[in-house]
Amino acid sequence: MEDRAIIRLEHLSKSFTVRSGVFGGRKSMQVIGDLSLSISEGEVLCLVGESGCGKTTTGKLIVGLIKPTSGKILFEGQDIWDMSKEDFSSYRRAVQIVHQDPYSSLNPVHRIYNILSAPLFRHGIVRSRGEAEEKVLELLGRVDLTPPEDFIYKYPHQLSGGQRQRVAIARSLTLNPRFIVADEAVSMLDVSIRLSVIELLRRLKEEMNVAFLFITHDLAMAKYFGWEGRIAVMYLGRIVEIGPTPRVIENPSHPYTKALLMAIPEADPRITRSKKPMELRSLDIPSLLNLPPGCTFNPRCPFWIEGVCDKEVPEMYEPEKDHYVSCFLFRGK
Amino acid sequence: MAEEILNVENLFVEYSNVRGKVKAVRGVNLKLYKGENLALIGESGSGKTTLGTAIIRLLPSSGYIKEGRIVYKGNENGYDISKFSEKELRQFRWKEIAMVFQSALNSFNPVLKIWDQIYDTARSHGLNNRSLVREKATDILRYVQLDPERVINSYPHELSGGMRQRVLIAMSLLLEPKILILDEPTTALDILTQRNIIELLRIIKKDMGLSMLFISHDLSLAAELADRVAVMYAGAIVELGGVEDIFYRPRHPYTLGLIKAVPTVTAGFRELYSIPGSPPDLISLLPGCKFAPRCEHKEAGCENEEPLLVEVNSGHLVACFKHKEISNGR
């Protein structure tokens, strides 16, 4: 499995410098800390976590939109920030991102044709308008914007949210990617539209054997989209649990994952009203500017062991095959 | 049945815009009973927020009530809110019906400390005694599990999303209203914070016995808190019933589609189903059932005439010609 990795992150970390107040000094804020993981060809990895946990930053690092502070991002074994120009360009073609907000990710003054043909011209895939049109029509058909002739010369504002997100997905497909980062790609869509876009992503994954990093705050959606893949749960810039989706959902092991699953409101009155949420020691999420020592979840964790969890940083333990948990409760198991 | 506290009768609300008239609420009839939680669910553009803001008469300037009545029965002599003057409204809002808006950050004035905002609200309703308001505010903030001293002296941006939402809920309870309207109270909050707000609302309902109207696109909020659920589509209520009727025995194809489109985490893995197409344009509505173009149960007649709500079971109303075919969740 390791050698089939298309993307590998090695001890990745990212800090931003923030100013505290008008006259305050500069402070370093670590958003991602020591992140290592690999994603295989055609695999779905769902990255779940609450806002501010660093999941979007992880996505941006992977597609090379921002540079890591330390650590490496390897694309087929090559460090993306240490590549020749040609290699970097082919990496940029192979790895694409779909953003959350289809209202701001499409240029409002460009027609769909221009939005989708620009990357085709840029990377020399098409040379003439005729070729470009043909290719754009094919792409629109592929994302179920049919008949494609009705959409090709429209502006984004003439489309609904779901249709725009389909255009954004079509754009990510223009260069035959092998890896797509979908950052909350359906979160802004209405319930009745959301699922059809998910189905589209699923179909594309099957047809084109694209690997996905599916970033979401919605565990139910992650479960549905990534049932055959893996889930990674992120908390304050670190992965606290990662494993095959059914295992993480049915046998959550990290106290944070458990707390999330026990808290999620669900669209089923009997299930959701019988939930017994975990009593956390604190409701507040620590500030990234002032991370607690030891395990970052320790100030909230009801299973916290004094003198251990607040002193040492837990490693990744493997209580069952391929299911890793970063919690001292699993040390030596 | 319990006592009515609010009765929305045949309400029509429109917005004028350059393209024409947006028919955001079309002939809604809805009763709210004392002490109940009613959830109004629907997607963006279904008219649910318009209905909520029309009830406390806070529609944006382009919106107006075209027809219908909103009868408030919270005190002896019931009155029609839709006929209120601005002055009457100012007395009425917060004191009888309070609303918690969707965006907790935008609901505050960013340059005023929380205390000033609380005092402003109290003063405009005739509570001029600073120390009395202070005492009341302290109590209510403590009640929503906040540290009153810290919160009162903070600016809105110094509080987390969950804390701001709790402050808003506290402020809405300050004048002890009889009805609380909450527009997407948990949207945009983190899961653990959502749970916390839900538990808080549960406690408030138990302690204060007020009536709550939840407006949400999120079915799970309705599943958590509602006694009854009203499903809106294209400006009209298409199904109304007890929470178990709606979730386990839906009779409208749209409700059924919504429920089947939402995955759950704890129940086993199940195949989902998506509703084809997208909601209609509220400016140029076609005759007939507004859901018909997306409906797999439609037949010829559905596109000619709009179905009205009919009672299919005690307290369970559906606006669909084919509801008999959709019994027991298909």
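Start with both chains of this predicted model: select the 35 residues of chain A that are in contact with 34 residues of chain B. On the chain A side, the elements giving two or more residues are α6 (191-208), α7 (219-225), α9 and α10 (269-273). By residue class, the side of chain A that touches chain B holds 20 nonpolar, 6 polar and 9 charged residues.

Next, move to chain B and select helix α7, residues 191-208. Its 18 residues, at 1.5 Å a residue, should span 26 Å, and the end C-alpha atoms are 26 Å apart, which agrees. Now highlight the buried residues of α7(B): Ile191(B), Leu192(B), Thr193(B), Gln194(B), Arg195(B), Asn196(B), Ile197(B), Ile198(B) and Leu201(B). What covers them includes α6 (161-173) and α8 (219-225) of chain B, together with α9 (255-263) of chain A. Step just past the end of α7(B) to Gly209(B), where phi is positive, at about 60°.

Return to chain A for a helix pair. Select α3 (residues 112-122) and α5 (residues 161-173) of chain A, whose axes come within 8 Å and cross at roughly 20°. Because of that angle, α3(A) is roughly parallel to α5(A). The crossing of α3(A) past α5(A) is right-handed. Show side chains for the contact: Ile112(A), Ile115(A) and Leu116(A) in α3(A) meet Val167(A), Ala170(A) and Arg171(A) in α5(A). This contact of α3(A) with α5(A) consists of 5 nonpolar residues, no polar ones and 1 charged.

Definitions and conventions
Residues numbered from 1 in each chain as written. Chains lettered and ligands numbered in written order. Predicted model: local features only at pLDDT ≥ 70, side-chain atom pairs only at ≥ 80, totals over all residues. Axes fitted to C-alpha atoms, helices over the stretch in contact; angles between N-to-C directions. Helix = DSSP H or I, 4+ residues; strand = E, 2+ residues; numbered from the N terminus. Parallel < 35°, antiparallel > 145°, perpendicular 65-115°, else oblique. Left-handed = near helix turned anticlockwise from the far one by under 90°. Contact = placed C-beta atoms within 7 Å. Nonpolar A, V, L, I, M, F, W, Y, C, P; charged D, E, K, R; others polar. Expected span 1.5 Å × (residues − 1). Buried ≥ 20, exposed ≤ 12 C-beta atoms within 10 Å, placed from the backbone.
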